[in-house]
Amino acid sequence: MNRELDRIDLRILEELESDGRLSIVELSQRVNLTNTPCSERVKRLEKAGYISGYRAILDKEKQGLGHLTVVQVSLSATGGDNSLDAFNAAALKVPEIESCLMIAGSFDYLLTIRTRDIAHFRQVLGDKINNLPNIHQTNSFTVMETVK
């Protein structure tokens with residue numbers, strides 16, 4: 001997008017982030033626009049990449065995956081692209097890894113792991129996480145409550 005986002009664009013993004021299923025009619029009312037200009041703005045924001053997609057937020061507890069653990073990962077080697085690429089590719093294949101963030105700091109990655117319970121987490125840690133390429137050390141932290 002070649003222009004700055006104005007307050008209406010920002011409001012549209014805020015409303016859609018809160019509820020991606022809003023109809024154009026409802027969204028238009030919330031941002032004080034008529035339907036056609038609102039729809040055009042949404043399409044422009046999508047085309048420009050400000051809106052990258054729409055998805056459902058699933059209740060992991062109802063799916064039997066209520067146990068969340070955060071894992072710090074230190075790699076034995078990070079020089080060159082191969083070790084990072086190998087780790088990234090392998091992490092993408094582990095379904096229990098909910099997110100994988102490369103971090104600048106005292107460790108290399110921060111993973112969030114979604115499992116049924118602590119026993120399932122221990123199995124995933126031993127069989128999958130600790131077998132990812134170039135693992136040097138992991139530190140695990142069980143999440144007690146998600147605040148935000």
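**From values to terms**

Modeller: Thr138 lies in strand 4, which covers residues 135–142. The model is a predicted one.

Colleague: What makes Val71 a contact of Thr138?

Modeller: The criterion for contact is heavy atoms within 4.5 Å. Neighbours within four places in sequence are set aside, and Thr138 then has contacts with Val71, Gln72, Val73, Leu125, Ile129 and Asn130.

Colleague: Which residues meet where helix 1 and helix 2 are in contact?

Modeller: From helix 1 come Arg11, Ile12, Glu15 and Leu16, and from helix 2 come Leu27, Arg30 and Val31. This contact of helix 1 with helix 2 comprises four nonpolar, three charged and no polar residues.

Colleague: What makes helix 1 roughly perpendicular to helix 3?

Modeller: Helix 1 and helix 3 (residues 35–47) pack at about 80°, their axes being 11 Å apart. The range for roughly perpendicular is 65 to 115 degrees, so helix 1 is roughly perpendicular to helix 3. Helix 1 contributes Ile8, Asp9, Ile12, Leu13 and Leu16 to the contact, while helix 3 contributes Cys38, Arg41, Val42, Arg44 and Leu45. Seven of these residues are nonpolar, three are charged and none is polar.

Colleague: How do you know which residues line the second largest pocket?

Modeller: A lining residue has an atom within 4 Å of a point of the pocket. For the second largest pocket the lining residues are Lys60, Glu61, Gly66, His67, Leu68, Arg114, Thr142, Val143, Met144, Glu145 and Thr146. They divide into three nonpolar, four polar and four charged, and Gly66 falls under polar because Gly is counted there. The volume of this second largest pocket is about 160 Å³.

Colleague: What is the volume of the largest pocket, and which lining residues are closest to its centre?

Modeller: The largest pocket has a volume of about 530 Å³. Among its 15 lining residues, Leu16, Glu17, Gly53, Tyr54 and Arg55 are the closest to the centre. The lining of the largest pocket consists of seven nonpolar, four polar and four charged residues.

Key. Residues are numbered from 1 along each chain as its sequence is written. This is a predicted model: local features need pLDDT of at least 70, side-chain atom pairs count only at pLDDT 80 or more; totals for chains, interfaces and linings use all residues. Side-chain values use heavy atoms; hydrogens and water are left out. Helices (H or I, at least four residues) and strands (E, at least two) are DSSP runs, numbered from the N terminus. On a 1 Å grid over the protein atoms alone, a cavity is a set of points where a 1.4 Å probe fits but cannot get out, and a pocket is an open set with protein on both sides within 12 Å along at least five of seven lines; lining residues have an atom within 4 Å of a point. Grid points are joined across faces, edges and corners, and a volume is the space filled by probe spheres set on the points. Axes are lines fitted to C-alpha atoms, for helices over the stretch in contact, and angles run from 0 to 180 degrees between N-to-C directions. Angles under 35 degrees count as roughly parallel, over 145 as roughly antiparallel, 65 to 115 as roughly perpendicular and the rest as oblique.
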